[in-house]
Amino acid sequence: MPQRAKIRKFGGSLGFILPKEIAESMMVREGDELYLTATSEGMTATPFDPDFDETLEDARSFMRTHRNAFKKLAE
């Protein structure tokens, strides 16, 4: 069931308060960051960095390419 959140002014910005149940289900707390992404259905908000998967795959590719160097460093 959808929940409502009223838009409020915070300094020079606009924002809303996450209801406790939603914050708990998203596993976020005060000070955490949310990543906002525009979709065809509106906006999504997630505490998980959407670019992290791409960064992780880049790191894995780098490690595969330099596998021998990492083996030497581990000795």
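Me: Which residue forms a salt bridge with Arg 64?
Reply: In this predicted model, the partner of Arg 64 is Glu 57, and their closest N and O atoms are 3.0 Å apart. That pair falls within the 4 Å limit used for a salt bridge.

Me: How many salt bridges does the structure hold?
Reply: The structure holds one, and the pair Glu 57 and Arg 64 forms a salt bridge.

Me: How many positive and negative side chains are there, then?
Reply: The protein carries 11 positive and 13 negative side chains. The centres of these two sets are separated by 3 Å.

Me: Changing topic: what is the order of the elements from the N terminus on?
Reply: The order is β-β-α-β-β-α-α. In total, the secondary structure comprises three helices and four strands. The protein is more spread out than a compact globule, because its radius of gyration of 20 Å is well over the 11 Å that the globule rule gives for 75 residues.

Me: What box do the C-alpha atoms fill?
Reply: Taken along the principal axes, the box is roughly 55 × 30 × 30 Å.

Me: What share of the residues is buried?
Reply: Of the 75 residues in the protein, 7% are buried. The protein exposes about 7,300 Å², and carbon and sulfur atoms supply 55% of that area.

Me: And what share of the contacts joins residues at least 24 apart?
Reply: That share is 0%, counted among contacts between residues at least 6 apart in sequence.

Me: One residue in detail, please. Where is Leu 18?
Reply: Leu 18 lies in the loop between β2 (13-15) and α1 (20-26). With a relative accessibility of 26%, Leu 18 counts as partly exposed.

Me: Which residues does Leu 18 touch?
Reply: Leaving aside residues up to four places away in sequence, Leu 18 touches Ala 23, Met 26, Val 28 and Leu 34.

Me: How far apart in space are Leu 18 and Arg 4?
Reply: Their C-alpha atoms are 9.4 Å apart, while Leu 18 and Arg 4 stand 14 residues apart in sequence.

Definitions and conventions:
Residues numbered from 1 in each chain as written. Predicted model: local features only at pLDDT ≥ 70, side-chain atom pairs only at ≥ 80, totals over all residues. Heavy atoms only, no water. Helix = DSSP H or I, 4+ residues; strand = E, 2+ residues; numbered from the N terminus. Rg over C-alpha atoms; globule rule 2.2 N^0.38 Å. Buried < 20%, exposed > 50% of the residue type's maximum accessible area, 1.4 Å probe, protein only. Contact = heavy atoms within 4.5 Å. Areas by Shrake-Rupley, 256 points an atom, 1.4 Å probe, with all protein chains shown as cover. Lys, Arg positive; Asp, Glu negative; His and termini not counted. Charge placed at Lys NZ, Arg CZ, Asp CG, Glu CD. Salt bridge = Lys/Arg side-chain N within 4 Å of Asp/Glu carboxyl O.
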